[in-house]
Amino acid sequence: MADRIAIARKYLEAQVAGNIAEAVALLADDVVMSNPMTGTTTGKAAAEAGMRNRPAGGGAGNITWREPVDADGAVKVVGDGSPFGPIRILVSFNDSDQISKVDVGLGS
């Protein structure tokens, strides 16, 4: 098993840097992306389209991300600085260590 915390960190860093191709390369073909602002999308192509079409900025520049931690086989990252309170990202993996689910929500 690969270091899933390192994979999640690489994915999030690519997202912050706007390197969509690098982020998409880490996703499983049947990835599920869930976000309270945009809803749920399924599939790598839909995830990539969502990343490419998201509004610039989006307030993410004000968020300070904590170190990723293991959360029962998934990886959890919490960000502080949002006007809505802490933002939680839970990254899950398939047996091939590809990202199979990204669940964004509020709270820690």
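# A walk through the model

Start by selecting E48 and R52: their side chains meet in a salt bridge, 3.0 Å from N to O. A salt bridge here is a side-chain nitrogen of Lys or Arg within 4 Å of a carboxyl oxygen of Asp or Glu. What you have on screen is a predicted model, in which local features need pLDDT of at least 70 and side-chain atom pairs count only at pLDDT 80 or more, while totals for chains, interfaces and linings use all residues. Residues are numbered from 1 along each chain as its sequence is written, and side-chain values use heavy atoms, with hydrogens and water left out.

Stay with that pair for a moment. E48 and R52 are separated by about one helical turn because they sit four residues apart in helix α3 (residues 44–53). Helices (H or I, at least four residues) and strands (E, at least two) are DSSP runs, numbered from the N terminus. E48 is partly exposed, with a relative accessible area of 25%, and R52 is partly exposed too, at 48%. For these labels, buried means under 20% relative accessible area, exposed means over 50%, and partly exposed is in between, using a 1.4 Å probe and protein chains only.

How many salt bridges does the structure hold? There are six. For another one of them, select D80 and R66, whose side chains meet at 2.9 Å, N to O. D80 counts as partly exposed at 28% relative accessibility, and R66 as partly exposed at 40%.

Now pick R4 and D97, which meet in a salt bridge of 2.7 Å, N to O. Here R4 belongs to helix α1 (residues 4–17) and D97 to the loop between β6 and β7 (99–106), so the pair links parts of the chain 93 residues apart. Are these two buried or exposed? R4 is buried at 17% relative accessibility, and D97 is buried at 16%.

Keep D97 selected and look at its backbone: phi is positive, about 60°, although D97 is not a glycine. Most residues other than glycine have a negative phi. Next, jump to D72 in the loop between β4 and β5. D72 also has a positive phi, of about 55°, and is not a glycine either. At 81% relative accessibility, D72 counts as exposed, whereas D97 is buried.

**The hairpin**

Select residues 27–35 and 39–42, which are strands β1 and β2. The two run antiparallel and are joined by four bridges; strands pair if DSSP finds at least two bridges between them. Together β1 and β2 form a hairpin, with three residues between them. Which residue in β2 is the bridge partner of M33? That is T41.

Further along your selection is V31, also in strand β1. V31 is buried, at 0% relative accessibility. Leaving aside neighbours within four places in sequence, V31 is in contact (heavy atoms within 4.5 Å) with T41, T42, G43, K44, A47, I99, S100 and K101. If you draw a distance between the C-alpha atoms of V31 and V16, you get 19 Å, for residues 15 apart along the chain.

**Into the core**

Time to select Y11, L27, M33, M51, F93, I99 and V102, the residues with the most contacts inside the largest nonpolar core, which has 24 residues. A nonpolar core is a set of buried Ala, Val, Leu, Ile, Met, Phe, Trp, Tyr and Cys residues joined through side-chain atoms within 4.5 Å. At least two residues of this core come from each of α1, α2 (20–25), β1, α3, β5, β6 and β7. The largest share, five residues, comes from α1.

Zoom in on M51. Apart from neighbours within four places in sequence, M51 touches Y11, Q15, I20, A23, V24, L27 and M33.

**Last stop: R88**

Finish at R88, in strand β6 (residues 87–93). With 19% relative accessibility, R88 counts as buried. What does its side chain reach? The R88 side chain comes to 3.4 Å from the backbone oxygen of D103. Beyond neighbours within four places in sequence, the contacts of R88 are K76, V77, D103, V104, G105, L106 and G107.

How values were computed. Polar contact = N/O pair within 3.5 Å; in protein donor to acceptor, adjacent residues only side chain to side chain.
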